[in-house]
Amino acid sequence: MLVLGIETSCDETGLALYDSETGLRAHVLHSQVAVHAEYGGVVPELASRDHVRKTLPLLRQVLDEAGARPGAVDGVAYTAGPGLIGALLVGASIGRSLAWAWGVPAVAVHHMEGHLLAPMLEPDPPAFPFVALLVSGGHTQLVRVDGVGHYRILGESLDDAAGEAFDKTAKLLGLGYPGGPAVAREAERGDPERFRFPRPMTDRPGLDFSFSGLKTFALNTLQEVGADARSRADISRAFQDAVVDTLAIKCRRALQETGLQRLVIAGGVGANTALRERLAVIAAEAGGRVYYPRPLFCTDNGAMIAYAGSVRLAAGQHEPLAIEARARWPM
Ligand code: KG4
Ligand code: ZN
C-alpha cells in the first residue's frame, strides 16, 4: 500500500510517500524559517499562505522523486491537529480533496502520533512496549506505548513545552528563531560551571514537568550579568543542562515505574545532541537502549505522517468526506 503523507501543522510543509511493503519511497520538505525569521516567531497567517503556495508543487516533486504516478497512491494521510488551525486546514483540504479525486481513502493523523511513530522509519525500530519522551514546540509528554493507538500519558508539562522554553530563552538572549538549535549551538561554547539553573519538579514524585520558570531564571541571570557574548553562551549552557537533566531524571523515573527498558525520543527537541547522549546513558542504566529518528525526522516532516497514516489505513481507519481539523486534540 502506497500512502501519501501531508504535514502542514506549523511552519514546515512536508510530503512523503511510504510503501507499507518497501518502506519510505521519497520525502520532501520546505521550511518556512525565512518567512518568519524577521518576526522572531511563526506568524500563523503567513504560515497558512505559504502552505497554500508550496503543497502542490511539493506533491509533484515527491511523486517525481518516487517515480510514482498519482494513480499508484492507495491512500492519503494528512495532519489534522493539533497545530495552527489555518495551516492545518490547508493540508487537510488538499489531502481530503486528492483522496476524493483519486478515489482512495483519506486518514486524519494526530501530529503527535506522527512524532511518536517516527522512529519506526529507521532501520532498527523499537519493539512495543516502550516509554516515549515526546518533546516538541507544543508538547512535552512521557507516554507509555503498548502498540499503535495504545497510549497512556504518564506525565506532561503543566506550562511551557520544552521546545517552547528553548524558543523563548533564545528570544530573550537575542538568538532569534528557531530558538532550539540556536541555544544548542551557543551552549556548546558555554561554561557549565558558571551558572546553575533549577531542575523544576524533580524533588517531588510524579512525571509532570514545568519549564516556564527556566526562561524567567534565564532572564533574571541575563539582567544581572549583562548580555555579552560570553554570558549568552554560559546562560545557554546552564539552561540546556537544566532542561536535559530534568528530562533525564523523569525518563529514568518513568522507566523505573513502568519496568520498561526501551526509551524513544521524538519531536523537535529530540534533535538535541546533548539530550540524546544523556538519554542513551539513562536507558542503558535501565538495561535497555534509546531509539530516536534521524534529526530530520525529529522535527516536523511528511514521512512520519505517511507512516502513521499507513498503519491507521491498514487497521481500517478512514475519514468521511467532511474536512475537519483541530487546533487542540488530546492524543
Ligand atoms: O516537532 P517540532 O518540529 O514542531 C512541533 O511539533 O512543535 O519541534 C519544534 C521545536 C522548536 O521549539 C525548536 O526550537 C525545537 O523543537 N528544536 C530544538 C532543536 N531543534 C529543534 N530544541 C533543542 N535543540 C535542538 N537541536
Ligand atoms: Zn511537531
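Beyond its neighbours within four places in sequence, H111 is in contact (heavy atoms within 4.5 Å) with E7, S9, T79, G81, P82, D300 and M304. The model is predicted: local features need pLDDT of at least 70 and side-chain atom pairs pLDDT 80 or more, while totals for chains, interfaces and linings use all residues. Residues are numbered from 1 along each chain as its sequence is written, chains are lettered from A and ligands numbered from 1 in the order in which they are written, and side-chain values use heavy atoms, without hydrogens and water.

H111 is in helix α4 (residues 111-117); helices are DSSP runs of H or I, at least four residues, numbered from the N terminus. The relative accessibility of H111 is 6%, so H111 is buried (under 20% relative accessible area, 1.4 Å probe, protein chains only). H115 also belongs to α4. H115 is buried at 1%.

The unreviewed UniProt entry annotates H111, H115 and D300 as "binding site"; such annotations may be inferred rather than shown by experiment. These residues span 190 residues in sequence, but no two of their C-alpha atoms are more than 8.7 Å apart, so they gather at one spot.

Ligand 1 is surrounded by 18 residues, with H115, G137, D167, G180 and N272 the closest (a heavy atom within 4 Å). A polar side-chain atom of H111 lies 3.0 Å from a ligand 1 oxygen atom. For a backbone N or O atom of D300, the distance to an oxygen atom of ligand 1 is 3.1 Å. The largest contribution to the shell comes from α5, with 3 residues.

Terms used: Helices (H or I, at least four residues) and strands (E, at least two) are DSSP runs, numbered from the N terminus. Buried means under 20% relative accessible area, exposed over 50%, partly exposed in between (1.4 Å probe, protein chains only). A polar contact is a pair of N or O atoms within 3.5 Å; within protein, one must be able to donate a hydrogen and the other to accept it, and residues adjacent in sequence count only if both atoms are side-chain atoms.
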